[in-house]
Amino acid sequence: MRVDAHHHVWDLSVRDQDWITGPELQPLRRDFGVADLAPQARAAGVDRTVLVQTITVPEETPEFLALAARSELIAGVVGWTDLTRPDVADELARLRELPGGRHLKGIRHQVQGETDPEWLLRPDVRDGLAAVAEAGLVYDLVVLPHQLPACVRAAAGHPGLTFVLDHLGKPPIATGALNPWATVVRALAELPNTVCKLSGMVTEADHAKWTVDGLRPYADTVLDAFGPGRLMFGSDWPVCTLAASYGQVVDAAEELAGGLGAEERAEVFGGTATRVYRL
């Protein structure tokens with residue numbers, strides 16, 4: 001099974017995506033649905049996907065679960081709930097009882113928007129992470145490079161919880177700088193309960209001038225650090241369309257993984273995601 005482990009959908013008539021601001025993001029200010037994605041995924045040989053939360057409102061996750069229940073494409077949902085609420089365990093159980101609740105595979109919070117670089121280490125957040133682990137779910141990390149040290153400490157403090165690093169931790173690809181990002185990513189990868197998504201690279205690069213060769217040092221870093229068995233492809237559609245089409249993102253990932261053997265490529269393009277998210 002070939003899996004796209006990271007994409008989004010939104011309908012602006014249901015609610016605004018308040019993060020879509022400014023002229024650079026203007027192309028994203030329209031609806032993007034599964035019907036738009038499905039033909040592109042089929043053309044790229046993608047069988048199943050993981051739908052990931054976009055905004056921190058409680059209504060979105062039940063909607064995504066119901067959408068997954070109706071979709072032949074979406075095999076899993078990474079949703080959102082407030083990790084700091086004292087009844088987070090009950091809330092996770094409630095979500096699983098909703099229509100499509102069996103598709104809930106993980107939880108994510110927009111940590112990249114938190115001003116505290118150690119937000120993940122707050123006692124109330126750590127209690128929430130423990131509840132996610134107890135529920136048998138995984139936790140997706142959407143962070144900026146300066147927040148990675150806290151990710152290392154959080155993952156070390158919760159060995160029973162699998163942490164999935166989205167978008168390689170958003171390295172500064174446009175500048176060509178590798179460190180300190182690479183050093184901290186390698187430290188994270190030393191923990192066995194961590195996984196990384198080969199996703200989001202084209203939008204961290206120069207949108208107009210990115211090349212596969214420019215992405216390669218970052219892809220090679222995580223390939224070497226995590227290995228194919230802890231690396232999974234994600235398109236980050238439709239955000240990726242700021243810099244590349246769905247097909248171009250898939251082609252770039254295939255080229256970046258070109259030095260791997262057939263079994264290793266199968267892990268990156270499906271096996272890891274299927275196993276980690278229990279698809």
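Figure 1. A pocket here is an open set of points on a 1 Å grid over the protein atoms alone, with protein on both sides within 12 Å along at least five of seven lines. Lining residues have an atom within 4 Å of a point, and a volume is the space filled by probe spheres set on the points, which are joined across faces, edges and corners. Of the 24 lining residues, W19, L25, Q112, K170 and V239 are the closest to the centre of the pocket. The lining is made up of seven nonpolar, 10 polar and seven charged residues. In this classification Ala, Val, Leu, Ile, Met, Phe, Trp, Tyr, Cys and Pro are nonpolar, Asp, Glu, Lys and Arg are charged, and the others, Gly among them, are polar.

Residues are numbered from 1 along each chain as its sequence is written, and side-chain values use heavy atoms, with hydrogens and water left out. Because the model is predicted, local features need pLDDT of at least 70 and side-chain atom pairs count only at pLDDT 80 or more, while totals for chains, interfaces and linings use all residues.

Figure 2. Most residues other than glycine have a negative phi. K170 is not a glycine, yet has a positive phi of about 55°. K170 lies in the loop between β6 and α6 and is buried, with a relative accessible area of 17%. Buried means under 20% relative accessible area, exposed over 50%, and partly exposed in between, with a 1.4 Å probe and protein chains only. R278, also not a glycine, has a positive phi of about 55°. R278 is in the segment after α10 (262-276) and is exposed, at a relative accessible area of 60%. Helices (H or I, at least four residues) and strands (E, at least two) are DSSP runs, numbered from the N terminus.

**Figure 3. Two cis peptide bonds.** Most peptide bonds are trans. N179 and P180 are joined by a cis peptide bond with omega of about 10°; P180 is in the loop between β6 and α6 (181-189). W237 and P238 are also joined by a cis peptide bond, with omega of about 0°. P238 is in the loop between β8 (231-233) and α9.

Figure 4. A cavity is a set of grid points where a 1.4 Å probe fits but cannot get out. One cavity of 30 Å³ or more is found in a search of the whole structure. The largest cavity has a volume of about 80 Å³. It is lined by 14 residues, of which S199, G200, M201, V202 and V249 are the closest to its centre. By class, the lining of the largest cavity has 10 nonpolar, four polar and no charged residues.

**Figure 5. Helix α4 and the elements around its buried face.** Helix α4 (residues 123-134) has 12 residues and spans 17 Å from its first C-alpha to its last, close to the 16 Å expected at 1.5 Å a residue. The expected span is 1.5 Å times one less than the number of residues. V125, G128, L129, A131 and V132 are the buried residues of α4. Seen down the axis, they fall within an arc of 155°, so they line one face of the helix. The arc is that of the directions from the helix axis to the C-beta atoms. These buried residues pack against α3 (88-97), β4 (104-109), β5 (138-141) and β6 (163-165), where contact means heavy atoms within 4.5 Å. P123, D127 and E134, on the other side of α4, are exposed. G136 follows the helix, with a positive phi near 80°.

**Figure 6. Helix α1 and its cover.** In helix α1 (residues 34-43), V34, L37, A38 and A41 are buried. They cover an arc of only 110° around the axis, which puts them on the same side of α1. Their cover includes β1 (3-7), β2, α2, β3 (74-79) and α9. On the other side of α1, A35 and A43 are exposed. G45 follows α1 and has a positive phi near 80°.

**Figure 7. Surroundings of T221.** T221 is in helix α8 (residues 212-226) and counts as buried, at 6% relative accessibility. Apart from its neighbours within four places in sequence, T221 is in contact with L178, W181, A182 and R186.
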